[in-house]
Number of protein chains: 2
Amino acid sequence: MSQKLNTPKGTRDFSSLELKKREYLLNVLKNCFKSFNFQEIQTPSFENLTTLTGKYGDDEDNLMFKILASGDKIKKADIDAFKDNKLSKFSNSLSDKALRYDLTVPLSRFISQNLNDISLPFKRFQTQLVWRAERPQKGRFREFLQCDVDIIGESNILNELECIKVYDSVFKRLGMPKVDLRINNRQILEGVSKLMKLESVNEIASILDKTDKIGAEGVMKELKDRNFSDDSINQLKSLLNIKGTNNEKIKSLRSLFSSNNISLSGVDLLEEIIKTSEKFNLNNINLNVDLSLARGLSYYTGTIIEVSSPEEFNIGSIGGGGRYDDLVQKNNPRLSGFGISFGFDRIFLILEELKLFPSELDSSKSFLFLNFGLEKLNNIISYVDQLREKNIICELYPSDVKIKKQMDYANQKGVDYVIIIGDEEVKSNIFKLKDMKTGDQSSFDISNLLIEIENLN
Amino acid sequence: MSQKLNTPKGTRDFSSLELKKREYLLNVLKNCFKSFNFQEIQTPSFENLTTLTGKYGDDEDNLMFKILASGDKIKKADIDAFKDNKLSKFSNSLSDKALRYDLTVPLSRFISQNLNDISLPFKRFQTQLVWRAERPQKGRFREFLQCDVDIIGESNILNELECIKVYDSVFKRLGMPKVDLRINNRQILEGVSKLMKLESVNEIASILDKTDKIGAEGVMKELKDRNFSDDSINQLKSLLNIKGTNNEKIKSLRSLFSSNNISLSGVDLLEEIIKTSEKFNLNNINLNVDLSLARGLSYYTGTIIEVSSPEEFNIGSIGGGGRYDDLVQKNNPRLSGFGISFGFDRIFLILEELKLFPSELDSSKSFLFLNFGLEKLNNIISYVDQLREKNIICELYPSDVKIKKQMDYANQKGVDYVIIIGDEEVKSNIFKLKDMKTGDQSSFDISNLLIEIENLN
């Protein structure tokens with residue numbers, strides 16, 4: 001191949017060392033989820049387009065990786081749409097499947113499909129890859145691991161608090177610094193968006209979510225640029241101008257929305273969550289009411305939350321979630337759900353930079369038997385077998401090249417000990433053991449090989 | 001949604017119980033790979049098409065799931081190709097990426113890309129999903145897990161034997177019955193294909209691989225139908241007619257190919273592997289020379305092997321692999337590789353039907369605290385926290401519905417014990433514990449809660 005071979009844009013290979021760190025983090029997450037009695041499920045990497053589209057928002061739908069129809073199905077290509085420059089229609093005629101964009105919509109499909117076999121409320125966790133055709137940047141990839149917990153079939157605010165506690169427990173287990181968890185309620189925003197004469201807050205959600213970066217003034221300006229009326233902008237302004245502690249904000253919300261029932265019911269829920277959270281011994285989380293938080297995905301209907309990265313990191317949120325009342329079984333008895341997601345790769349970055357990974361991720365030692373040729377294998381093979389059966393990591397160098405080359409391999413690979421059983425050793429019924437860290441070499445009775453090696457492991 | 005939501009054809013959801021079994025099998029595989037000192041890597045789910053195409057064969061290339069170009073890239077659609085019914089060309093104009101078809105070609109890309117950081121020989125294992133747009137059938141899915149070990153950078157036959165030993169060790173650890181491992185060498189077939197005036201054995205590999213099902217006679221017939229000359233067919237016939245023990249077959253091969261150097265060098269390697277295998281204490285594997293074995297993928301150049309499922313199962317092979325001399329860094333110093341793959345889902349099926357999964361996959365007990373309302377949380381929360389910190393599985397019912405409903409949930413979910421701390425219990429400083437299997441209920445001093453629960457776990 002003359003062409004340079006590379007991973008596709010926004011994707012990564014993982015080496016053995018990186019995978020050990022990822023496994024550590026994944027195990028902390030999974031063990032925590034299990035201790036809360038969430039049950040694991042997995043879903044396919046791709047879903048039918050009918051399952052996925054129309055749930056996230058139009059921008060998000062365009063960021064899905066669609067799968068090209070295979071075989072003769074491609075004959076259905078809508079060439080007229082292409083000629084009319086209706087690219088989205090053209091693209092839909094070429095595809096009926098897409099890679100998972102998140103884990104929540106597949107969960108809602110899973111529940112609809114398996115409703116008879118599931119006992120409600122259903123608490124599930126899921127740690128699988130998702131794919132988004134976004135522009136890659138620090139901590140943002142096109143293929144990344146999401147770790148979600150959701151509770152379906154209960155609208156009690158205890159579900160919100162249980163999930164907030166999951167964040168708290170995970171961060172505590174990881175030894176992370178305290179982080180801000182921003183909280184809001186979509187109903188507060190829906191009430192305001194009605195006053196703004198919008199159909200839904202989804203029309204301004206993505207602008208609102210920029211408040212973090214461009215400030216309330218920037219948001220107003222952007223709305224003005226988009227020809228929102230002054231009256232409409234002022235409705236939002238009075239919301240975003242609310243300042244103070246959580247309790248002060250809730251007080252201001254009550255007086256601002258005294259005649260707006262939609263917003264008020266959101267305020268009630270927000271207040272109850274803040275109040276009840278005090279009983280939950282949150283160690284690693286500051287709960288902050290943030291009235292500008294909107295969360296992009298259009299399926300959220302109630303409480304929404306987002307976890308900021310620790311202050312010194314400028315990599316956006318490390319988790320988020322919310323309540324969705326209409327995602328599961330739209331036509332059946334309503335199943336309200338609440339769920340959160342962990343941004344695995346961003347948390348990984350933080351652990352890395354704060355040196356929070358355990359110094360020894362894997363303490364088992366490895367052993368290399370030098371190879372003196374096929375005809376000498378009888379001296380070695382049964383030892384290799386017996387060690388491996390005890391899950392002791394060992395290998396025979398895979399050819400009988402010069403000893404120096406075999407030693408170099410041991411060094412480069414980080415093998416801990418080299419075991420030497422050559423002609424001389426066989427004659428004297430011994431084996432030699434070389435410690436590759438210190439360079440020390442000792443001889444032992446060959447009949448004690450298993451015991452000596454087990455003691456080192 | 002009026003439409004029924006389903007998993008896409010050939011894909012599956014996994015429940016918590018299925019995942020526990022899959023985790024058991026995966027751990028057996030990984031622990032075994034680790035004991036041989038293979039190092040884990042992971043690669044992205046999709047690769048650039050330039051990396052993937054032309055390695056497997058034309059039929060296989062058509063079974064890849066290609067990813068539709070996103071955004072404006074779709075404007076490059078080759079409409080002329082569509083009009084000329086050149087569907088493959090049209091499809092290639094719409095896509096520059098595809099989902100992984102196997103783990104070997106991504107490995108070769110990984111090595112080319114990271115050659116400076118890798119010490120050779122490179123022993124890696126990889127357990128990731130692959131996707132093939134095949135017709136689903138029993139034990140065959142469109143998304144399935146492959147578990148591969150490969151050794152790159154060594155052509156010594158010890159590599160073949162090391163990998164065969166991996167099969168043997170895994171099957172032994174799983175308690176599987178003895179299985180046939182069929183072995184052949186592509187060079188033997190290449191020598192014959194030259195005599196048949198073919199450019200490569202790849203032209204007839206897929207027909208040869210059917211010998212299992214349609215017999216040597218069936219293969220001859222199919223070649224005749226495809227207008228192969230009698231002379232050409234007879235060349236193959238003399239190969240397929242060779243019968244007997246492994247040693248008898250090798251003897252016959254030597255006399256048949258006395259003047260065919262390509263085939264003879266394959267026979268030499270085959271013989272050396274068979275001979276050396278006797279030193280390797282194979283317990284769970286019968287090594288059988290099978291001269292009709294061709295292995296579909298076109299990258300194989302030397303030894304090829306395939307593991308049959310145990311006799312009573314009719315689900316095809318449960319693993320296979322081979323030597324590939326030209327896959328890695330075609331233009332650089334040749335890096336020969338040998339690798340094998342485990343068919344995870346088919347092995348899973350066998351373990352299931354032979355009842356080889358351990359009876360208790362997860363022995364930890366689970367606990368449910370009954371919920372008596374938000375205002376009573378103080379009595380409970382700190383116990384829940386402390387138990388979870390010890391990784392004891394426990395939960396609080398997520399709302400204060402009727403006790404009967406909470407008990408039903410515990411029953412349906414298979415919770416082991418329900419913990420009751422209501423007003424009455426708080427007053428008497430006790431907690432009640434109900435064993436959901438036996439129905440027994442006992443009272444304990446509340447100050448002993450942690451110890452009592454830990455003892456049950």
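User: In this predicted model, which elements of chain B do the buried residues of α6(B) pack against?

Analyst: The model is a predicted one. Helix α6 of chain B spans residues 104-113, and its buried residues include B:V105, B:L107 and B:F110. The buried residues of α6(B) pack against β2 (46-48), α2 (49-52), β5 (122-131), β6 (143-152), β10 (317-328) and β11 (335-343) of chain B.

User: Why is helix α6 of chain B largely enclosed by the rest of the structure?

Analyst: Among the buried residues of α6(B) are B:T104, B:P106, B:R109 and B:S112. The helix is largely enclosed because the number of its 10 residues that are buried is 9.

User: Is A:S277 buried or exposed?

Analyst: A:S277 belongs to helix α13 (residues 261-277) of chain A. A residue is buried if 20 or more other C-beta atoms lie within 10 Å of its own. A:S277 has 21 C-beta neighbours inside 10 Å, so A:S277 counts as buried.

User: Which residues is A:S277 in contact with, leaving aside its neighbours within four places in sequence?

Analyst: A:S277 lies in helix α13 of chain A. With neighbours within four places in sequence set aside, the contacts of A:S277 are A:L161, A:I164, A:L282 and A:L287.

User: How many residues has the largest nonpolar core?

Analyst: The residues with the most contacts inside this core are A:V166, A:Y167, B:V166 and B:Y167. Beyond four places in sequence, B:Y167 is in contact with residues including B:L181, B:I285 and B:V307. The largest nonpolar core has 182 residues.

Technical notes. Residues numbered from 1 in each chain as written. Chains lettered and ligands numbered in written order. Predicted model: local features only at pLDDT ≥ 70, side-chain atom pairs only at ≥ 80, totals over all residues. Core = buried A, V, L, I, M, F, W, Y, C linked by C-beta atoms within 7 Å. Buried ≥ 20, exposed ≤ 12 C-beta atoms within 10 Å, placed from the backbone. Contact = placed C-beta atoms within 7 Å. Helix = DSSP H or I, 4+ residues; strand = E, 2+ residues; numbered from the N terminus.
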